[in-house]
Amino acid sequence: MLPSIKLGKRGLFRGELALYLLFLLAAAGMRFWEMDLRAFHYDESLHAFYSWRLFQGEDYVHNPLMHGPFQFISTALVYRLLGDSDLTSRLLPALAGSLVVLLPYFLRGRLGRGGSLLAASMLAFSPSMLYFSRFMRNDIYIIFLTLLLAISLWRYMEEGKARYLYLGAAALGFSFATKEVSYITVAIWGLF
């Protein structure tokens with residue numbers, strides 16, 4: 001059973017927001033803890049190397065085997081701001097994997113309060129989500145962007161506000177710049 005069900009100003013029961021924040025802190029703790037100790041996987045080494053080359057001032061040349069440019073450009077920016085290391089290479093995936101835990105909050109109208117909290121807890125503590133949040137590949141970005149797109153489309157259908165279309169378009173644009181699986185996402189949503 002969920003904690004006390006006294007409604008606040010925005011319809012949140014007392015403790016609901018605290019639970020989301022607790023899940024976020026737990027997820028971030030697991031994702032960032034000793035993230036730089038594990039050796040790079042082959043895919044990670046390729047992504048880090050080409051991001052590092054871009055950071056060093058070399059031109060970016062798209063190769064479909066490496067998926068989209070988002071990961072390389074964003075990681076090169078992190079290198080520029082914080083230096084290049086195993087830790088900074090995995091920083092953005094860990095951040096995306098932590099933030100994805102908050103996204104079910106915006107699905108409360110579809111999943112209900114309990115369902116959204118359950119989804120957030122599963123995203124926070126899932127071994128697969130933890131693995132891909134500590135892994136320098138584009139999978140966690142696609143998970144984040146696809147869920148953000150779903151939220152945007154559902155909210156637009158419910159409220160009809162243009163801001164949700166803009167948010168969905170941005171999520172889809174970044175998704176296409178991240179990985180080719182975005183074509184499948186568009187096909188699924190198009191059929192819907």
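User: Leaving aside neighbours within four places in sequence, which residues is Gly168 in contact with?
Analyst: This is a predicted model, where local features need pLDDT of at least 70, side-chain atom pairs count only at pLDDT 80 or more, and totals for chains, interfaces and linings use all residues. Numbering runs from 1 along each chain as its sequence is written, and side-chain values use heavy atoms, with hydrogens and water left out. Contact means heavy atoms within 4.5 Å. On that basis, the partners of Gly168 are Leu149 and Ser152.

User: Is Gly168 buried or exposed?
Analyst: Gly168 sits in helix H9 (helices are DSSP runs of H or I, at least four residues, numbered from the N terminus). Buried means under 20% relative accessible area and exposed over 50%, with partly exposed in between, using a 1.4 Å probe and protein chains only. Gly168 has 5% relative accessibility, so it counts as buried.

User: Around the axis of H9, what arc do the buried residues cover?
Analyst: The buried residues of H9 are Tyr164, Gly168, Ala171 and Ser175. They share the same side of H9, because of the arc they cover around the axis. That arc, taken from the directions from the helix axis to the C-beta atoms, is only 60°.

User: Switching to H1, which helices are included in what covers its buried residues?
Analyst: Buried in H1 are Glu16, Leu19, Tyr20, Phe23, Leu24, Ala27 and Arg31. They fall within an arc of 140° seen down the axis, so they line one face of the helix. The cover includes helix H5 (91-99), helix H6 (108-125) and helix H7 (127-133).

User: Where does pLDDT stay under 50?
Analyst: pLDDT is the predictor's confidence in each residue, from 0 to 100. The chain's mean is 90, and 93% of its residues reach 70 or more. The stretch that stays under 50 has 15 contacts beyond four places in sequence, and it is residues 1-9.

Definitions and conventions
Helices (H or I, at least four residues) and strands (E, at least two) are DSSP runs, numbered from the N terminus.
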